[in-house]
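Here is a short briefing on one protein chain. It looks at one helix, then at helix packing, then at the chain overall.

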Amino acid sequence: MVSSDMSTESLLASLFAEKGVAQPSASDAVAAATSPTDSEFIPEEPTTFEEADLHEAEVEALILKFLMNTASATGAEIAEQIKLPQKMIDPVLRRLKDEQQLVYKGMGSLNDYIHEITEIGAVRARRFSEKNTHFGSAPVSIKDYIAAIEAQSIDKDKPTVAKLQTAFAGLTLCDDLMRRVGRAIHSGRGLFLYGSPGNGKTSIAERITGAFGEHIWIPRVLNMYGEIVRLFDPSSHEELPANSNNGLENGIKVDRRWIKIRRPTIIVGGELTMDNLEMTKNRDSGISEAPVQLKSNCGTLLIDDFGRQRMSVAELLNRWIVPLEKRYDILSMASGRKVRVPFDQMIVFSTNLDPSDLVDEAFLRRIPYKIEAKDPTESQFRELFAEQAATWNIELPSGALEHLIEQHYKSPRRNMRFCHPRDILQQVRNLCEFEAQPRIANISALDAAVETYFGIMYGTEDWV
C-alpha cells in the first residue's frame, strides 16, 4: 500500500533518480509505449532456403507428410500450412510432380494447382513420419532463435517509470516493497519473494513482465540439430493479433514461422518436476517439448510456492545454479547431444517459508534480490479497506472498521494481510446481493463475513 505522503509516481521517480535514470515526461512516456524502437526485432520473411536456414529436403518432408494427412491441397494452402512463401515452395512442388510423388488434381486460383500425393510419395511420407510426425510450420534453426533472444533480451529493455506504473496499476503495495521490487525489475536479475500468504507475492510476480515491453517474437517450432522442438505453447503463451497490413510489421514482411506473443509469464508450482526442466520427446510423434525455462525466455518465470515442489529443493538448485549465474542453460537432446541455449528471463522464487531454511548461501548469492512481503500496518490496512469499499461502492458506516479491527484482529491476536480487505468485502458484497440489501459493511455484515472467511482457515490462537 502506498502511503499518502508518497505516491507511486513520486516513489518510482525517486527510485530512478537513485539509479541515475532520467524520468521521462508524460509525452515521452506515451511515445515510448506506442512507438517501435529502431532496434526492435522483427523476423523478416525469407526469399531462399539459405536465408531461412532450411534444407530443401526438410521442406519436401513437410509437404509430403501434409498431403498424406489431407485429401488434397493447393500450393497456397501448402504454403500456409508450413508458413513459407509460395514462391519458395513452388519449385519443390514441380520437382515432386516430375518425380511422380504427387500429381495435379485440378486448377486452383491464380495459376495455382490442386495437389494430391501418389503412392510413391506416400511411401516416402511414411518414412519421414517414422522420424517425426510434424507437418506444420517449417522450423527455425537454433542459431536464429539464439540471435532473436539476444535481440529481445530483458537486459535490452530497462523499464521506465511509466512502464512500472502501468505494470503495477491497481496493485496496492507498501512504499518500501515497491521501491525494492522496482530495483529488482530494473536489474533484470533473480528475485526471491518471501513472507506470509496473502501479502501479494504472486500478484507482484505476475505483473513484473509488464514492465519489460509488450511483445516478443518466438518460433512456432525449432530445429535443434535435426530434432523438432515445439516452442510455442498456447497454454503458456498469449498470441497477439497479427498486423492486418498484408503481413507487414512496421513495413517489414514477417516470416510466418514466427509468432508474435505477449512477453511470457510462466508460472509453475507444486507440480514442478525435473522433467519440466528438460527436453522431453514424445515417442509416438517424435516431437520434443521445450522446457519451461526455454518457454519463458525474455519474460518471467515464477516458481510459486517454492519448497513444496514434487522435486526436492536440492535437485532444483543443483539444476539451475549455473544457469542463474552464467545466463545460459545446457539442454540434453534425446540423441544425447548437448545444446547451449539462452537463460534469459526474470526468475522469481515465491515462498511462504523462510528462505534460509530452504537454500544455502551459495544459491542465495545468485539471487541478488531477497524481498520480504510484510504484513500491512494498521494504518495501511485501514486505508486499503476504505479504498476497496469505495471501489465496490460499499458503504462503510462509522465505527464498523474499528469494530472489525478490535474484535477480529486485536482481540484474537490475528495478523493482518493485504488480501483481507478485498476478501472480507467480497463476502459482504455477496451477502448483501444474496439478501437483496443495500451494500453496507455494517457490524453485522462484517461479523458474518469474518465467520465464514476465518472460520476454518484460522483459529483464535496466534498464527504466522
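Helix α6 covers residues 86–98, which is 13 residues. At 1.5 Å a residue it should span 18 Å, and its end C-alpha atoms are 18 Å apart, so the two values agree. Note that this is a predicted model.

- Which residues of α6 are buried? Met-88, Ile-89, Val-92, Leu-93 and Leu-96 are.
- These residues cover an arc of only 120° around the axis, which means that they lie on the same side of α6.
- Lys-87 and Asp-98 are exposed, on the other side of α6.
- Gln-100 follows α6. The phi of Gln-100 is positive, near 60°.

**Helix packing: α4 with α5**

- Two numbers describe a pair of packed helices: the angle between their axes and the distance between those axes.
- For α4 and α5, the axes come within 10 Å and cross at roughly 115°.
- Angles of 65 to 115 degrees count as roughly perpendicular, and α4 and α5 are therefore roughly perpendicular to each other.
- The crossing of α4 past α5 is right-handed.
- On the α4 side, the contact is made by Val-59, Leu-62, Ile-63, Phe-66 and Leu-67. On the α5 side, Glu-77, Ile-78, Gln-81 and Ile-82 make it.

**Helix packing: α4 with α7**

- Helix α7 (residues 119–131) also packs with α4. The angle is about 110°, and the axes are 9 Å apart.
- That angle makes α4 roughly perpendicular to α7.
- From α4, the residues involved are Glu-60, Ala-61, Leu-64, Lys-65 and Met-68.
- They meet Gly-121, Ala-122, Arg-124, Ala-125, Arg-126, Phe-128 and Ser-129 in α7.

**The chain overall**

- How many helices and strands does the protein chain have? There are 19 helices and 19 strands.
- The protein chain has 464 residues, and 48% of them are buried.

Note on methods:
Residues are numbered from 1 along each chain as its sequence is written. This is a predicted model: local features need pLDDT of at least 70, side-chain atom pairs count only at pLDDT 80 or more; totals for chains, interfaces and linings use all residues. Side-chain values use heavy atoms; hydrogens and water are left out. Helices (H or I, at least four residues) and strands (E, at least two) are DSSP runs, numbered from the N terminus. The expected span of a helix is 1.5 Å times one less than its number of residues. Buried means under 20% relative accessible area, exposed over 50%, partly exposed in between (1.4 Å probe, protein chains only). The arc is that of the directions from the helix axis to the C-beta atoms. Axes are lines fitted to C-alpha atoms, for helices over the stretch in contact, and angles run from 0 to 180 degrees between N-to-C directions. Angles under 35 degrees count as roughly parallel, over 145 as roughly antiparallel, 65 to 115 as roughly perpendicular and the rest as oblique. A crossing is left-handed if the near helix is turned anticlockwise from the far one by less than a right angle, and right-handed if clockwise. Contact means heavy atoms within 4.5 Å.
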